[in-house]
Amino acid sequence: MESFASSAAEGFLQYAHGSDPASCLRALLDLESYVDEEGPFDGVMAFSQGAGLAASLLISRMQKEPRRTRSSPPFRCAVFFSGGVPEDPSDVEAAARMAAEQREMTFGEAKVAPRRLMSVEQDGEIIEIPTAHIWGRADDLYPTFGPVLSQMCKSSQREILVHDGGHEIVGAKDQIALQKAVRVINRTIARMDTVQ
């Protein structure tokens, strides 16, 4: 796995190079293809940037086909651990196209087009499926990841747990937080059967 993912030396693996819009678009398209070929899925569990990618897929589908996505989402529920802030998928696509065109004209060098991080203020509660958001209040790596993504999910369909840890998936070292996380996840899963 480390052979195709970066930042292994830093303790995390990545699916894309954040500064390269083509890499980000490829990750989104790869996930979309996988979901189309292997799905449908009841749910997705994702951590950090992976959660941002899963959220980006949900948002991309909502932007392109809102009616179809509401009636048949790629996932019926989502569990986001320290969930990354999604970039606007349409900006990622446009930036990747622009970078490719610039590389052709400048023989390999391209400026990076701006890409917008999404927010509830600008985009509203765009993710409508049941979601669980679990993050640590001591997250000093990405302190806004969990809160921002949770706000972009429909308030009547979201569960939130903030534990005492950092940028991590809560585990055996904090049994109380782990039990609370299990309850939050179970409520989210139960809610997916009541949503149409």
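**Note on the predicted model**

1. The protein chain exposes about 10,900 Å², and carbon and sulfur atoms supply 53% of it; accessible areas come from the Shrake-Rupley method with a 1.4 Å probe, and for residues only the protein chains shown count as cover. Of the 196 residues, 43% are buried (under 20% relative accessible area; exposed is over 50%, partly exposed in between, 1.4 Å probe, protein chains only).

2. This is a predicted model, in which local features need pLDDT of at least 70 and side-chain atom pairs count only at pLDDT 80 or more, while totals for chains, interfaces and linings use all residues. Residues are numbered from 1 along each chain as its sequence is written, and side-chain values use heavy atoms, with hydrogens and water left out.

3. The protein chain has seven helices and four strands (DSSP runs numbered from the N terminus: helices are H or I, at least four residues; strands are E, at least two). Their pattern along the sequence is α-β-α-α-β-α-α-β-α-β-α. Among contacts with a separation of 6 or more, 76% come from residues 24 or more positions apart (contact: heavy atoms within 4.5 Å).

4. The four strands form an open sheet with order 1-2-3-4 and parallel pairing (two strands pair if DSSP finds at least two bridges between them). Strand 1 (41-47) and strand 4 (158-163) are at the edges with a single partner strand each, so one side of each has no neighbour in the sheet. Strand 3 (residues 131-136) and strand 4 run parallel and are joined by six bridges; Gly-136 stands opposite His-163 in strand 4.

5. Helix 7 (residues 175-192) packs on the sheet and touches strand 1, strand 2, strand 3 and strand 4, with its direction at about 170 degrees to that of strand 4. Helix 2 (residues 49-64) lies across strand 1 and strand 2 (75-81), at about 150 degrees to strand 2. Axes are lines fitted to C-alpha atoms, for helices over the stretch in contact, with angles from 0 to 180 degrees between N-to-C directions.

6. The count of salt bridges is twelve (a side-chain nitrogen of Lys or Arg within 4 Å of a carboxyl oxygen of Asp or Glu). Glu-159 forms one with Arg-187 (3.0 Å, N to O); Glu-159 is in strand 4 and Arg-187 in helix 7, 28 residues apart. Glu-159 is buried at 12% relative accessibility, whereas Arg-187 is partly exposed at 41%.

7. Arg-191 also forms a salt bridge with Glu-159, at 3.1 Å between the closest N and O atoms. Arg-191 lies in helix 7 and Glu-159 in strand 4, so this pair ties together parts 32 residues apart in sequence.
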